[in-house]
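Hi there,

Here is the structure I promised to pass on. My notes follow below it; have a look whenever you get a moment.

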Amino acid sequence: PACVADLARAAQVSERTLRTAFNEYFGVSPTQYLQLRQLHQVWRTLKQADPDEVTVSKVLIDHGEWAFSRFASRYQKLFGELPSQTLERC
């Protein structure tokens, strides 16, 4: 997963300039943006996955997430259900 320093380097700006631009353009910090992006990537993967072949743990690891319970809490706050519920529903 990308980090703020990687984004700043890629954009050839300072981290402070990047934070300012993100707050003005997206209304969130680069860190919040990256977290939301990761949440949506996991959501898309879970919606397309076969629950007989894939586990939530595998999807999270594939997306660079190791703090499963903290991630599940953020996921539930955004999508209104746990990652396992998304996987089961689809």
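At what angle do helix H1 and helix H2 pack? First, the ground rules: this is a predicted model, where local features need pLDDT of at least 70, side-chain atom pairs count only at pLDDT 80 or more, and totals for chains, interfaces and linings use all residues. Residues are numbered from 1 along each chain as its sequence is written, and side-chain values use heavy atoms, with hydrogens and water left out.

Now the answer: H1 (residues 4-11) and H2 (residues 15-25) pack at about 95°, their axes 9 Å apart. Helices here are DSSP runs (H or I, at least four residues), and axes are lines fitted to C-alpha atoms over the stretch in contact, with angles running from 0 to 180 degrees between N-to-C directions. The pair is therefore roughly perpendicular (65 to 115 degrees). Val4, Ala5, Leu7 and Ala8 of H1 meet Glu15, Leu18 and Phe22 of H2 (contact: heavy atoms within 4.5 Å).

Glu15 also forms a salt bridge with Arg19 (3.9 Å, N to O), meaning a side-chain nitrogen of Lys or Arg within 4 Å of a carboxyl oxygen of Asp or Glu. These two sit 4 residues apart in H2, about one turn. The count comes to 5 salt bridges.

Another one joins Asp6 and Arg9 at 2.7 Å, N to O. Asp6 is partly exposed at 33% relative accessible area, whereas Arg9 is exposed at 57% (buried is under 20%, exposed over 50%, partly exposed in between; 1.4 Å probe, protein chains only). Arg89 and Glu81 are also bridged, at 2.7 Å, N to O; Arg89 is exposed at 53%, but Glu81 is buried at 13%.

Best wishes

Key
Angles under 35 degrees count as roughly parallel, over 145 as roughly antiparallel, 65 to 115 as roughly perpendicular and the rest as oblique.
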